[in-house]
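Here is a short briefing on one protein chain. Keep the sequence and the 3D view open as you read.

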Amino acid sequence: INYTMHSSVNVKKKTTVSTILCQTSICCKSSCQVIMYNNWDTKFFCRKRNISLVLNRPYQDLDPVLVADRPWESGGIGCYNTVMREEGVFRLWYDVMLDPDTPGRFNRQLCYAESADGIHWKKPNLGLIPFAGSKHNNIVSPPAGTQSQQGATVFRDDKAPKSERYKAWTKLNPPPRQGKRTRAGGLRALVSPDGLRWKFLDQGYPLLNGSAADSQNIPFWDEELERYVAFVRMKNFPKGRDRTCWVGRMTSSDFRTWTQARTVFHADPRDEAMPLPTGMQPLQPVLDFYTPGGMKYPGAPSSYIMLPTAYHHWDHGRFPSTIDVQFLSSRDGIRWHRPEPRGPFLGLGADGGPSSGMIFANPWPLIVGDEIWIYYGGTSRFHLDSADVPAQTGLFRARLRLDGFLSADAPDKGGTFTTPPLKFAGNRLELNVDTGGGGWLEVEIQGANGRALPGFSRRDCDLIRGNSTCKAISWGGNSDCTAAAGQPVRLRFVMRSTKLYAFQFVASQRP
């Protein structure tokens, strides 16, 4: 497992809901300090036996939480959406499409909705942008009603001036050649004081620098790096091959000027050598990655996830022309861990349903109680289908256990692993663990030499059973491990039929 070692974080209660939600992922108490070790890769497997690093797929709700039901949504819900939660309100910026023959309009725009629970959404009448002679709608962009934009990624930038508190990247589709081109197309930025009233940012845009605009490129402010970071789509048309798409990364100090995109993830020879059905004529590549899906995991320093969309096209007819979502993890956003076995993290829905053809994971993952919520757009249309093909569409929700992307799993015959030496500050060890009905776990704290510290041996450990995101550990009835703090120690985990997702040392404030 690659546990992410987080820096010590002060999680005293703050005033904003978004901050509290982020803190929930690293601490289950209202006032403490935490060092978190997350199952991110294999870094914390110094020695192991019968332990596997397992990717855990989330539960995908069968029915969409949002569907197209307004005249300005006649072509359906698009792929590129953004969900955030602010002060207890879920906020959604969603991509809508129009029928190709809608008079006086181009085919895509951005709408806005709100929800108290993240499931039932209200589409308010905002009175901002006209449609069919009326502003009685929830359209928020593009600002000129005769333009078309291909979705957007919205993020909140609290370090920016109020006039630019909200930022977005989108592909701006230029008008047809016979129309008056009011603004160049390509990847463009928008800014807004409230997320509703948007204007294009002209400085430094349209932006390419090695990226491609026709995707959901994802920018955000990285508080650790103190720079804007963006994960972008890159593509090429190599000689003798079909189009190839992969993931790049860019940075900026001011959101205006960006570095050249650098590759951080792409399909590899193993992807291209995958076995194919009988009679297929290989098209190279048989798989590439259509949208980048890179983002920060909330509330956990030095933790990044990538949810790239895998585009499957095996032969010269580009069959099967389907798209699903994979998962990768990283500690720096540059070097990525791709867990085994390879396959979908978010899978397609039942045949003929509104997520049966293509799905696209959207930013941002939300911490809601003891769950991670990930929203994604779905359609019954296949990638090669034209916009004229009728399709079911919708916005969907997937739910995963808190910090539950990857886990260290022990089989029924038991397993063990020991961490390399680490230092911690705190007085209590807590686990995110599920032993099921017949599993168990024991923890030993060792010195750097691999010998158990007095009072913290496996024999002293009180048996750990149950299913909890913050299971307190004790030795002989005593959970205080202050005596082991501040010195190099190893943790040895011995377990059977158990999934260990993460562990953390908590420094409780004493009365």
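Predicted model: local features only at pLDDT ≥ 70, side-chain atom pairs only at ≥ 80, totals over all residues.

The protein chain averages a pLDDT of 86. In the chain, 86% of the residues score at least 70.

**Confidence**

- Strand β11 (residues 121–122) has the highest mean pLDDT among the elements of the chain, at 98.
- Helix α1 (residues 17–24) has the lowest, at 22.
- Over residues 1–36 the pLDDT is below 50. Beyond near neighbours in sequence, this stretch still has 130 contacts in the model.
- Residues 178–182 also have a pLDDT below 50. That stretch has five contacts in the model beyond near neighbours in sequence.

**Nonpolar cores**

- The largest nonpolar core holds 100 residues. Within this core, W169, F405 and L431 touch the most other members.
- Strand β18 (residues 227–236) gives the most to this core, with six residues.
- A second, separate core has 21 residues. Among them are C111, A113, F131 and L366.

- Side chains of opposite charge can pair when their charged atoms come close. The count here comes to 29 salt bridges.
- D157 lies in the loop between β13 (148–156) and β14 (166–173), and K167 lies in strand β14, so the pair ties together parts that are ten residues apart in sequence.
- K296 and E224 form another salt bridge (3.0 Å, N to O). K296 sits in strand β22 (residues 294–296) and E224 in the loop between β17 (218–222) and β18, so this pair ties together parts that are 72 residues apart in sequence.
- Here K296 is buried at 12% relative accessibility, whereas E224 is partly exposed at 36%.

- R399 lies in strand β31 (residues 393–401). Is R399 buried or partly exposed? R399 counts as partly exposed because its relative accessibility is 26%, and buried means under 20%.
- The side chains of E371 and R399 meet in a salt bridge (3.7 Å, N to O). E371 lies in strand β30 (residues 371–379) and R399 in strand β31, so the pair ties together parts that are 28 residues apart in sequence.
- E371 is partly exposed too, with a relative accessible area of 27%.
- Salt bridges that share partners join D61, E371, R397 and R399 into one network.
- R399 also makes a polar contact with D61, side chain to side chain (3.4 Å).
- Leaving out residues up to four places away in sequence, R399 touches P58, Y59, D61, E371, I372 and W373.

- T322 is found in strand β25 (residues 320–325). T322 counts as buried at 12% relative accessibility.
- Beyond residues up to four places away in sequence, T322 touches A310, Y311, H312, L348, G357 and F382.
- D271 lies in helix α2 (residues 269–272). D271 is buried, at 5% relative accessibility.
- D271 touches V286, L287, F289, R338 and R342, with residues up to four places away in sequence left out.

**Cysteines**

- A disulfide is a covalent bond between the sulfur atoms of two cysteines. How many disulfides are there? The count comes to zero.
- C481 is buried, with a relative accessible area of 0%. C79 also counts as buried, at 17%.

Definitions and conventions
Residues numbered from 1 in each chain as written. Heavy atoms only, no water. Helix = DSSP H or I, 4+ residues; strand = E, 2+ residues; numbered from the N terminus. Buried < 20%, exposed > 50% of the residue type's maximum accessible area, 1.4 Å probe, protein only. Contact = heavy atoms within 4.5 Å. Polar contact = N/O pair within 3.5 Å; in protein donor to acceptor, adjacent residues only side chain to side chain. Core = buried A, V, L, I, M, F, W, Y, C linked by side-chain atoms within 4.5 Å. Disulfide = S-S within 2.5 Å. pLDDT = per-residue confidence, 0-100. Salt bridge = Lys/Arg side-chain N within 4 Å of Asp/Glu carboxyl O.
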